[in-house]
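This briefing covers salt bridges and strand pairing in the structure shown below.

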Amino acid sequence: MNAGRLGDLLGIALPVVQGPFGGGLSSVALAVAVSEGGGLGSYGAHILEPQEIADLVGELKARTSRPFAVNLWVPQQDEAGPWPDPAELAPHIRRLRPYHEELGLPAMAAEDVTSGPDFDAQVDALLEAVPPVISFVMGIPPQKVMDEARRRGIKVIGTATTVDEAVALERAGVDAVVASGADAGGHRGAFLRPIRESLVGTFSLVPQVADAVSVPVIAAGGIADGRGMAAALALGADAVQIGTAFLATRESGASEAHRRALSSPEARTTVLTRLFTGRTARGIVNRFVRDMTPYEETVPAYPVQSALMRSIRREAGTQGREDLSSLWAGQAAALAGGARGARDYLSVLIDDFRARGGQGA
């Protein structure tokens with residue numbers, strides 16, 4: 001089929017981008033499978049150290065000659081404050097102690113709560129590794145990053161949750177814009193206005209962004225089958241970005257418990273929450289979310305809350321504890337169709353799109 005403007009820009013055969021997953025949910029196997037299948041495979045690298053990013057790009061290049069994207073989070077201004085001291089961390093550590101005990105984890109101390117990798121070092125390593133595409137969420141990449149990417153022939157994709165953000169990204173020089181609707185799973189990337197003022201549904205956002213910018217537009221959020229893909233392209237998108245349905249595939253880095261939850265009736269109900277990382281994200285409601293709801297507005301901002309929750313998230317996944325895991329999911333999770341191989345899912349998606357008379361079929 002014709003991948004349109006995004007295909008011309010990136011050299012991909014299908015107008016399908018695999019959503020990048022942070023927090024260890026991405027995998028090389030998934031990104032390679034999607035790229036080899038004709039889409040744009042992606043890898044969320046925001047928790048990786050610079051050398052790990054260099055090694056990642058090397059491995060992806062070794063396993064596919066097709067285009068792929070590596071994703072980073074742009075730091076937000078309200079996260080640049082000083083790291084809290086032990087006295088400030090103490091009440092947050094006490095609040096989480098019962099969950100450490102339940103999971104058999106050692107007691108957490110303030111010195112265990114450490115910040116993640118430095119963004120500047122991450123992006124320097126990524127540019128040096130020269131992936132075909134770099135995608136960003138949470139903000140506008142620094143101008144020096146845009147300039148260096150252009151010099152090295154790297155395409156840059158930015159992510160917008162509002163029309164104003166899309167316009168700002170185009171002015172900054174990105175090659176394509178993801179229009180990420182409030183339906184999308186995982187972390188919200190609003191950066192010009194508070195998140196509560198930036199919750200535009202995908203199929204309201206896409207046509208407005210398509211009218212406002214001249215670069216290719218990638219629709220994201222609530223798209224999991226051929227119907228959603230056809231609707232997004234009919235509304236002016238050049239391609240779709242699909243997250244939750246690829247997260248449910250066998251190649252993803254999601255735990256068995258997470259994949260199981262995505263195909264369960266519980267996936268019909270998702271909520272926006274700060275409880276797992278300190279940044280607002282959409283996931284399936286579970287016991288942890290219900291227990292901790294009274295603290296929704298008082299947990300520390302990212303990256304502090306993310307550091308506080310790191311061991312709980314990992315151990316809950318290892319133990320298959322759906323009740324304590326961060327079960328990121330979009331509002332169309334029920335349409336994902338259950339666990340299967342990524343190439344199989346991609347084939348079913350395109351067949352469904354063609355059967356519904358989608359443009360470019």
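In this predicted model, the side chains of R151 and E148 meet in a salt bridge, with an N to O distance of 2.7 Å. The two residues are three apart in helix 6 (residues 143-152), so about one helical turn separates them. R151 is exposed, at a relative accessible area of 60%.

**Other salt bridges**

- The structure holds 16 salt bridges.
- E256 and R259 also meet through their side chains in a salt bridge (2.7 Å, N to O).
- Because E256 and R259 lie three residues apart in helix 11 (residues 256-262), they are separated by about one helical turn.
- E256 is exposed, with a relative accessible area of 54%, whereas R259 is buried, with 11%.
- R260 forms a salt bridge with E322, and their closest N and O atoms are 2.6 Å apart.
- This pair links distant parts of the chain, 62 residues apart: R260 is in helix 11, and E322 is in the loop between helix 13 (304-318) and helix 14 (342-355).
- R260 is partly exposed at 42% relative accessible area, and E322 is partly exposed at 26%.
- A network of salt bridges links E102, R287, D291, R321 and D323.

- Eight strands form an open sheet with parallel pairing, in the order 1-9-8-6-5-4-3-2.
- Strand 1 (16-18) and strand 2 (41-44) are the edge strands, each pairing on one side only.
- Neighbouring strands of the sheet are turned by 25° against each other on average, direction ignored.
- Strand 3 (residues 68-73) pairs with strand 4 (residues 133-137) in the parallel sense over five bridges.
- W73 stands opposite V137 in strand 4.
- Helix 3 (residues 50-63) lies across strand 2 and strand 3, and runs at about 160° to strand 3.

Terms used
Residues numbered from 1 in each chain as written. Predicted model: local features only at pLDDT ≥ 70, side-chain atom pairs only at ≥ 80, totals over all residues. Heavy atoms only, no water. Pairing = 2+ DSSP bridges. Helix = DSSP H or I, 4+ residues; strand = E, 2+ residues; numbered from the N terminus. Axes fitted to C-alpha atoms, helices over the stretch in contact; angles between N-to-C directions. Contact = heavy atoms within 4.5 Å. Salt bridge = Lys/Arg side-chain N within 4 Å of Asp/Glu carboxyl O. Buried < 20%, exposed > 50% of the residue type's maximum accessible area, 1.4 Å probe, protein only.
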